[in-house]
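Me: Please take me through the structure shown here. I would like to begin with the packing.

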Amino acid sequence: MEYLGKNPRILWIYTQLIQGYTLSRIELAKKYGVSEKSIHRDMEDLQKFFSEYETKYSLQYDKKNKTYTAQCTKDDRLSAKEIVPVLKTVFESGTMLPERMFHILQRVAKLASSEQDRKMVQKFLEQEEECYQAPLYQRIVGEMLCQAEEAVWRKQWVKIRYCRKEESDEIETIVLPQAVIMREKRFFLAAQTYEGTKHNSVSLYRLDRISFMEDAFPAQPRQILNQKQLRQKIVSLTAGDEYEISFLYHGDSLKLIEEKLPHAIYTPQPDGWQVTVRVYGKGIGAWLRSMGKKVSNITATKVSELP
């Protein structure tokens, strides 16, 4: 580390380079009141440092413009085309308070692989910041989100304190977290109560209304649901018992149904398609009825009551 310890100037240059900035030898000499040869020697020291310690970087010099850039030799940095879609997804989710979110996204923007990409990402952030609509709830869910995800992968029953409605009294209960999902710009904990594990039932708890969570006891392997299937079966915010839904679809195209119910079974019929699917809760009923005459013969049977 002796290369970086000789003066604050070289530390500042190092920091700027690894953040993707392009530095001019002439401007650096003016900034610090030294000769261009001094800057050149600084860069030689940095090149040695990169070779011995920061091996993922290589110092590049543009003779025509007398500028330096740090070329990342490994895939640690990202292009604007890779960063912007991720940032756009975060913005559109609308699940984070702006102060915390923009602080994090500014750090992500520094992963840009070049100064040009960094400027493009920065411009995008400025544009989205003006338009961002903060969530209505004010509780920061980051810590609770991590706790919930950890309880899911550790297969652990947890004790939670939860408000069913705004400004209502808290309820304390023990649940088995099965997944964390996002619906309508909110995070939900999909979990089962002890009775729910017996009757194929799942409840949804808004994470911003959970004030406390701690381990209770380990879950049994038979109590753990398949995460992919669980997420597919939660098609509304009114989860509950698991039902097998069957209906006849008379529409011209199945695309609308397939987008909503990708895990359903489709059987061709003379006057349409027979659709059979398993979901949690009866919330899907309102969606089916909204399609009017395109849907008929709707039946719903609890999976626990099937032969």
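**Packing, cores and single residues**

Reply: H1 and H2 pack at an angle of about 140°, and their axes are 12 Å apart. Axes are lines fitted to C-alpha atoms, for helices over the stretch in contact, and angles run from 0 to 180 degrees between N-to-C directions. Helices (H or I, at least four residues) and strands (E, at least two) are DSSP runs, numbered from the N terminus.

Me: Where do the coordinates and numbering come from?

Reply: This is a predicted model, in which local features need pLDDT of at least 70 and side-chain atom pairs count only at pLDDT 80 or more, while totals for chains, interfaces and linings use all residues. Residues are numbered from 1 along each chain as its sequence is written, and side-chain values use heavy atoms, with hydrogens and water left out.

Me: Is the crossing of H1 and H2 left-handed or right-handed?

Reply: H1 and H2 cross in a right-handed sense. A crossing is left-handed if the near helix is turned anticlockwise from the far one by less than a right angle, and right-handed if clockwise. On the H1 side, Arg9, Trp12 and Ile13 make the contact, and on the H2 side, Leu28, Lys31 and Tyr32; contact means heavy atoms within 4.5 Å. By class, the residues of this contact are four nonpolar, no polar and two charged. Ala, Val, Leu, Ile, Met, Phe, Trp, Tyr, Cys and Pro count as nonpolar, Asp, Glu, Lys and Arg as charged, and the others, Gly among them, as polar.

Me: At what angle do H2 and H3 cross?

Reply: The axes of H2 and H3 cross at roughly 110° and come within 8 Å. H2 and H3 are therefore roughly perpendicular to each other. Angles under 35 degrees count as roughly parallel, over 145 as roughly antiparallel, 65 to 115 as roughly perpendicular and the rest as oblique. Arg25, Ile26, Leu28 and Ala29 of H2 meet Glu36, Ile39, His40 and Met43 of H3. That contact of H2 with H3 has five nonpolar, one polar and two charged residues.

Me: And H5 with H6, what is the angle there?

Reply: Helix H5 (residues 98-109) packs on helix H6 (residues 115-131) at about 165°, with the axes 10 Å apart. That makes H5 roughly antiparallel to H6. The crossing of H5 with H6 is right-handed. Phe102, Leu105, Gln106 and Ala109 in H5 meet Arg118, Val121, Gln122, Leu125 and Glu129 in H6.

Me: Back to H1. Which of its residues are buried?

Reply: Arg9, Ile10, Ile13, Tyr14, Gln16, Leu17 and Ile18 are the buried residues in H1. Buried means under 20% relative accessible area, exposed over 50%, partly exposed in between (1.4 Å probe, protein chains only). Their cover includes strand E1 (23-24), H2, H3, E2 and E3. Just after H1, Gly20 has a positive phi of about 95°.

Me: Which residues touch the most other members of the largest nonpolar core?

Reply: Ile13, Leu17, Met43, Leu46 and Phe50 do so, in a core of 18 residues. A nonpolar core is a set of buried Ala, Val, Leu, Ile, Met, Phe, Trp, Tyr and Cys residues joined through side-chain atoms within 4.5 Å. Helix H1 (8-18), helix H2 (25-32), helix H3 (36-52), strand E2 (57-62) and strand E3 (67-72) each give two or more residues to this core. Apart from it lies another core, of 17 residues, including Tyr249, Leu261, Val275 and Val295.

Me: What does Leu17 touch?

Reply: Leaving out residues up to four places away in sequence, Leu17 touches Leu23, Met43, Leu46, Leu59, Tyr68, Thr69 and Ala70.

Me: Changing topic: where does Pro177 lie?

Reply: Pro177 lies in strand E5 (residues 170-183). Pro177 counts as buried because its relative accessibility is 2%. Beyond residues up to four places away in sequence, Pro177 touches Ala148, Ala151, Val152, Gln156, Val158, Leu189, Ala190 and Ala191.

Me: What about Leu204, buried or exposed?

Reply: Leu204, in strand E7 (residues 203-206), counts as buried at 15% relative accessibility. The C-alpha atoms of Leu204 and Thr238 are separated by 7.7 Å, and the two residues are 34 residues apart along the chain.

Me: Last one: what is the phi of Lys155, and that of Asn297?

Reply: Lys155 has a positive phi near 55°, although it is a residue other than glycine. Lys155 lies in the loop between helix H7 (142-153) and strand E4 (156-163) and is partly exposed, with a relative accessible area of 42%. Asn297, also not a glycine, has a positive phi of about 55°. Asn297 lies in strand E12 (residues 295-302) and counts as exposed at 58% relative accessibility.
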